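Reader: I am new to this structure and would like to learn how to read it. Could you take the features one at a time?

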Amino acid sequence: MASIPEIFETMAYGPAPEGAGPARAWLDGHERRFGRFIGGGWTAMAGESFETLNPATGAPLARLRQTQPGEVDRAVRAARAAQPGWWALGGHGRARYLYALARGMQKHSRLFSVLESLDNGKPIRESRDIDIPLVARHFYHHAGWAQLMARELPGRAPVGVIGQIIPWNFPLLMLAWKIAPALAMGNTVVLKPAEFTSLTALRFAELCEEVGLPAGVVNIVTGDGRTGEAMVAHPGVDKIAFTGSTEVGRLIRAATAGTGKKLSLELGGKSPFIVFPDADLDSVVEGVVDAIWFNQGQVCCAGSRILVQEGSATRLVEKLKARMETLRVGDPLDKAVDMGAIVAPVQLEKIQELVRRGEEEGARRWQPSWSCPREGWFFPPTLFTEVAPAATIAQVEIFGPVVVLMTFRTPAEAVELANNTRYGLAASVWTENINLALDVAPQLKAGTVWINCTNLFDAASGFGGYRESGFGREGGREGLREYVRWEWDVAAAGKRRTRTGRRAAGKEAAAARQSRDGRRNGGRPASPALPPIDRTPKLYIGGKQVRPDSGYSLQVFDARGAVAGEVGQGNRKDIRNAVEAAHTALGWARVTAHQRAQVLYYLAENLAARAEEFGHRIAGSTGDAAGAGREVELGIERLYAYAAWADKYDGYVHHTPYRNVTLAMPEPIGVLGVVCPDTSPLLGFLSTVLPGVAMGNTVVAIPSAAAPFAATDLYQVLDTSDVPPGVVNIVTGLPGELAPVLAAHDDVDGLWYFGSAEGSAEVERLSAGNMKRTWVDYGRGRDWTDARQAEGEEFLEQATQVKNIWVPYGE
Amino acid sequence: MPDPVPARLITPSPAASLEVPVAPRNPGMPLQLEWVEEVRVNRSAVERRAATLRTRRTVKQAWQAAWLLRAVTLMDLTTLSGDDTPGRVRRLCAKARVPVRRDLLDAMGAAHLPIRVGAVCVYHAFVETAVVALEGSGIPVAAVSTGFPAGLSPLAERLGEIRASVAAGAEEIDVVITRAHALTENWRALYDEVRAMREACGDAHIKTILATGELATLRTVARASLVCMMAGADFIKTSTGKEGVNATLPVGLVMARAIRDYRERTGHLVGLKPAGGIRAAREALDWLALVKDELGDRWLRPDLFRFGASSLLNDIERQLEHFVTGRYSAAHRHPVA
């Protein structure tokens with residue numbers, strides 16, 4: 001040990017270890033072996049098991065149980081059995097338990113912190129000052145939501161049993177993000193911690209016992225990906241919530257396709273960190289430290305791509321290098337280190353491999369002059385300069401303390417580079433000019449935008465991705481939506497169980513056949529009340545009527561089976577063209593909400609002027625003249641409804657505990673594909689196309705194949721109502737052919753599908769390509785004349801995604 | 001199962017040695033307004049850094065004791081009260097010579113270290129008293145000499161006061177800037193004022209007190225810091241100790257960064273002196289960590305860093321005694337200043 005005179009001379013930092021005694025005593029108390037927590041009890045420690053290691057030393061900490069599918073089944077059944085009682089407990093009752101969990105977390109905060117750092121390798125400063133306080137905050141916040149659910153989320157019910165799979169980078173925090181909202185909304189859970197980092201979840205299970213949480217409400221199963229797979233595949237799970245890699249997220253999307261399981265995914269990122277020339281560069285440097293050297297860079301929203309204005313690059317790089325020299329890497333339990341250990345050798349190797357690749361591809365690597373500890377799994381902070389956007393390290397998520405730096409010339413180019421990624425989790429913007437900051441923030445494709453700050457989290461603010469970073473939000477009011485269903489849907493599901501098989505699958509194919517089949521008009525004379533047969537509508541793309549690429553038409557039959565007319569048969573190229581037109585029209589999102597409302601009112605006006613004609617069309621297809629007239633009236637009402645909603649579906653300002661405004665803004669998803677329902681030809685079309693349009697999306701709609709005329713007759717109405725070209729595109733044809741094209745199109749951002757169960761499954765499966773948001777009805781159908789289920793927030797939520805913009809202030 | 005062994009910490013970057021030659025004085029430079037104007041400070045980000053710096057760095061055990069001894073040597077032991085008397089000043093000077101009880105130094109194996117304070121800081125009226133009292137100790141006398149603390153007497157009088165203090169034997173002069181110049185962004189006026197004061201100081205070192213508690217924004221603090229350095233300040237100092245808010249870590253951070261910026265662009269080294277409100281040993285350690293991490297080890301020397309403090313020393317003594325004996329100490333166990 002250095003003498004006082006020596007230290008007086010060098011003024012070096014010394015060791016400042018946090019004691020691990022209580023954590024080790026806890027492990028020893030369990031003989032360093034743990035079972036799983038199912039139905040309120042602990043299972044015996046037998047069968048396949050694995051070790052969890054201390055990343056700072058490689059030494060084993062404890063032996064854990066690999067949970068087999070049969071045991072997952074037991075856990076799911078325990079959760080199922082507990083759910084009705086948990087829901088029946090009421091908001092206040094659940095609030096009491098969540099509050100108790102929050103208190104318990106605070107009372108044992110240091111044990112949780114030390115255990116987390118031991119198991120994960122993160123610095124004790126972070127687990128002590130960031131992770132664990134956020135965990136407690138999450139339970140407090142959601143105790144409040146449990147209390148307020150009945151009042152603040154009217155018409156909503158729990159989803160049921162939630163399967164939750166969490167990663168190793170923020171073990172307990174991710175547990176809290178998953179469990180707190182699920183429990184608050186009356187669900188029960190089966191949670192699988194990551195196999196590298198299960199210890200705090202097991203201690204949390206004990207906390208559940210300590211506060212007397214009813215048995216089965218929380219179940220914790222340890223194990224690797226096989227356990228997760230069993231959870232995803234289990235038919236008794238109503239929803240899967242997953243945080244982890246995009247790769248696994250894709251598998252889960254495909255595996256759950258068509259099962260009706262609700263799904264939320266929080267996946268990878270390659271988040272931009274944009275530095276404008278008027279930023280406070282010294283603060284920027286600390287921002288980079290918080291962005292990429294937080295948790296050793298093992299952060300899904302890590303600011304891993306620095307984009308700096310060319311003129312400021314040299315100075316920023318100099319300052320960064322100087323700062324990197326003063327970072328301290330070492331024992332995670334040392335209170336004065338900035339970075340701890342990488343979680344596991346496999347992750348360390350992945351980082352090393354990508355760094356090698358970066359050098360091979362010509363980028364310049366820079367690391368501080370000091371060296372990392374040799375035992376344990378450490379990697380130094382690393383900066384890459386001279387990185388081209390085409391380089392692997394500029395595109396791939398490294399998930400380590402490695403940042404790449406690129407330059408831009410103008411704000412527009414900064415936005416372009418920032419969005420030049422498949423991901424869209426977070427972004428950070430540094431400038432002292434609020435005009436610039438608030439101009440850039442909405443243009444960034446990211447679920448969270450931090451202005452002059454980074455990696456700030458709070459229970460009151462929703463966190464989640466755009467694009468391939470996943471969907472769904474965690475935290476805030478918007479995060480609750482992931483854990484509720486609509487009451488009308490629950491009621492309808494009850495009825496469905498007693499009334500099976502009434503809706504014939506494949507109805508669309510039966511109702512519309514290609515003209516080339518040779519089938520002709522059945523000889524019945526057309527009713528004089530119907531429009532003449534020879535009006536054959538084309539497709540409506542980019543505000544123009546265009547011939548279908550295929551050169552084929554489809555016959556459409558009336559209610560009596562006679563040919564009512566023909567429509568163009570769209571194919572994949574028509575879809576491609578429609579998507580391109582929709583992209584060109586994305587400026588619609590920047591049109592003011594008031595203007596969008598005006599356009600919708602104008603549509604209503606022009607539809608009303610032609611109400612009689614539309615009524616005849618619908619009657620022809622349904623054979624119900626009275627119902628047809630009512631449908632047109634309801635269609636006009638629906639237009640009014642979405643014109644009304646256009647400027648009233650507001651965001652929030654979240655009360656996060658920092659001096660800032662956290663703006664939760666609903667943003668359009670982008671290009672939205674809509675496969676319209678077969679029932680209610682006009683009303684079904686309007687009900688599913690208008691929400692997207694009202695919220696600023698552009699739409700590619702595939703109208704009902706059975707009754708497309710109500711949609712094709714709208715071409716002229718759209719033309720005369722100031723709807724900008726490309727905002728609504730209509731491709732007639734066979735949904736069974738066209739929906740998969742939309743689902744597999746990587747430039748379609750969202751897809752709604754109201755059709756068969758099989759079609760729903762296919763849409764969900766194919767959407768995994770770009771992780772587009774999907775909304776399908778699994779062939780259940782809904783009553784489009786009932787506004788409760790056919791209009792309103794349920795649709796608007798699906799037509800938007802929430803972006804949280806954090807704007808600190810203070811002069 | 002064996003307990004995991006903590007990974008060894010990285011070797012620290014080589015530290016400056018005691019034999020480091022005293023930094024050459026900052027000669028100043030012509031006022032460069034463009035540079036001043038381009039200074040940006042984001043308050044929220046600065047506050048976050050200041051808040052987390054305290055949680056990212058700590059020293060324990062022997063390291064804490066050694067750092068606290070260093071803090072003693074960086075102290076401008078100060079008395080600036082209306083009721084100061086020659087007797088009070090002489091007592092302070094006696095304490096300055098022996099700031100830590102001899103038995104404690106012995107116990108720490110530090111008896112041979114030159115543990116004495118950085119300077120004694122008094123009003124002009126007591127400069128001569130202090131000079132006499134400190135004779136032979138090598139401890140310089142600092143004087144607050146410009147109509148302290150408001151600094152609003154006529155410039156000629158303030159300059160005269162500086163010259164009188166220097167003539168009386170003060171080797172360091174703490175001056176207060178005219179806040180109005182900073183608040184109205186009249187940088188030329190501020191520059192000229194400090195320049196004139198620096199000339200009046202002659203060979204005595206000049207510490208410019210910004211009175212940051214009255215400068216309203218951190219950006220103004222940063223810009224005023226820069227102008228003072230351009231005008232030739234040897235030290236920039238936070239406060240008189242008489243403002244409502246004195247030395248805070250965010251302010252210190254902004255000033256340290258201004259010093260770093262100035263060094264990067266001109267090569268000149270300027271010192272930092274937080275003053276006022278620093279009473280606890282723990283706060284002193286926070287400041288040392290801030291300076292070490294933001295400016296580097298070179299700044300942890302009396303020629304580039306000082307605490308302006310009066311009651312801080314007693315808390316440091318108590319902590320040192322706790323380190324030595326393992327028992328919590330009491331103020332009355334250490335000689336008063």
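Reader: What should I know about the model and its numbering?

Author: This is a predicted model, in which local features need pLDDT of at least 70 and side-chain atom pairs count only at pLDDT 80 or more, while totals for chains, interfaces and linings use all residues. Residues are numbered from 1 along each chain as its sequence is written, chains are lettered from A and ligands numbered from 1 in the order in which they are written, and side-chain values use heavy atoms, with hydrogens and water left out.

Reader: How is an interface described, and how much area do chain B and chain A bury between them?

Author: The size of an interface is often given as the accessible area lost when the parts come together. Buried area here is the accessible area (1.4 Å probe) that two parts lose on being put together, summed over both. For chain B and chain A this is about 5,600 Å², with 55% of it on carbon and sulfur atoms. Counting contacts (heavy atoms within 4.5 Å), 63 residues of chain B and 62 residues of chain A take part.

Reader: How many salt bridges and polar contacts are there between chain B and chain A?

Author: A salt bridge is a side-chain nitrogen of Lys or Arg within 4 Å of a carboxyl oxygen of Asp or Glu. A polar contact is a pair of N or O atoms within 3.5 Å; within protein, one must be able to donate a hydrogen and the other to accept it, and residues adjacent in sequence count only if both atoms are side-chain atoms. Between chain B and chain A there are 10 salt bridges and 21 residue pairs in polar contact, both residues being at pLDDT 80 or more.

Reader: Which helices of chain B supply the side that touches chain A?

Author: At least two residues each come from α2 (43-56), α3 (61-73), α11 (249-266) and α12 (281-294) of chain B. The largest share, 10 residues, belongs to α2(B). Helices (H or I, at least four residues) and strands (E, at least two) are DSSP runs, numbered from the N terminus.

Reader: Which salt bridge can I look at between the chains?

Author: Take A:E286 and B:R49, whose closest N and O atoms are 3.3 Å apart. Both belong to a network of salt bridges that links A:D282, A:E286, A:K319, A:R323, B:R49, B:R257, B:R260, B:E264 and B:E294.

Reader: What sits over the ring of A:Y13?

Author: A charge sits over a ring if NZ of Lys or CZ of Arg is within 6 Å of the ring centre and within 35 degrees of the ring normal. The charged end of B:R57 is 5.3 Å from the centre of the A:Y13 ring, and B:K292 lies over the face of A:Y13 at 5.0 Å from the ring centre.

Reader: How many salt bridges are there over all chains, and which parts do A:R226 and A:E48 tie together?

Author: The count over all chains is 77 salt bridges. In one of them, A:R226 and A:E48 have their closest N and O atoms 2.7 Å apart. A:R226 lies in helix α9 (residues 225-233) of chain A and A:E48 in the loop between β2 (41-42) and β3 (49-53) of chain A, so the pair ties together parts that are 178 residues apart in sequence.

Reader: Are the residues of such pairs buried or exposed?

Author: Buried means under 20% relative accessible area, exposed over 50%, and partly exposed in between (1.4 Å probe, protein chains only). A:R226 is partly exposed at 43%, and A:E48 is partly exposed at 35%. In another salt bridge, A:E797 and A:R156 have their closest N and O atoms 2.5 Å apart. Here A:E797 is in helix α30 and A:R156 in strand β5 (residues 156-158), both of chain A, so the pair ties together parts that are 641 residues apart in sequence. A:E797 is buried at 15%, and A:R156 is buried at 9%.

Reader: How do I read a pair of aromatic rings?

Author: A pair of aromatic rings is described by the distance of the centres and the angle of the planes. Rings of Phe, Tyr and Trp (its six-membered ring) pair if their centres lie within 6.5 Å; planes under 30 degrees apart count as stacked, over 60 as edge-to-face and the rest as tilted. The count is 27 aromatic pairs over all chains. For A:W775 and A:F795 the centres are 5.0 Å apart and the planes at 80 degrees, so the pair is edge-to-face. A:W752, A:F754, A:W775, A:W784 and A:F795 form one aromatic cluster.

Reader: Where does B:E193 lie, and what does its side chain join?

Author: B:E193 is in helix α9 (residues 187-201) of chain B, and a polar contact of 2.3 Å joins its side chain to that of B:T178. B:E193 is buried, at 5% relative accessibility.
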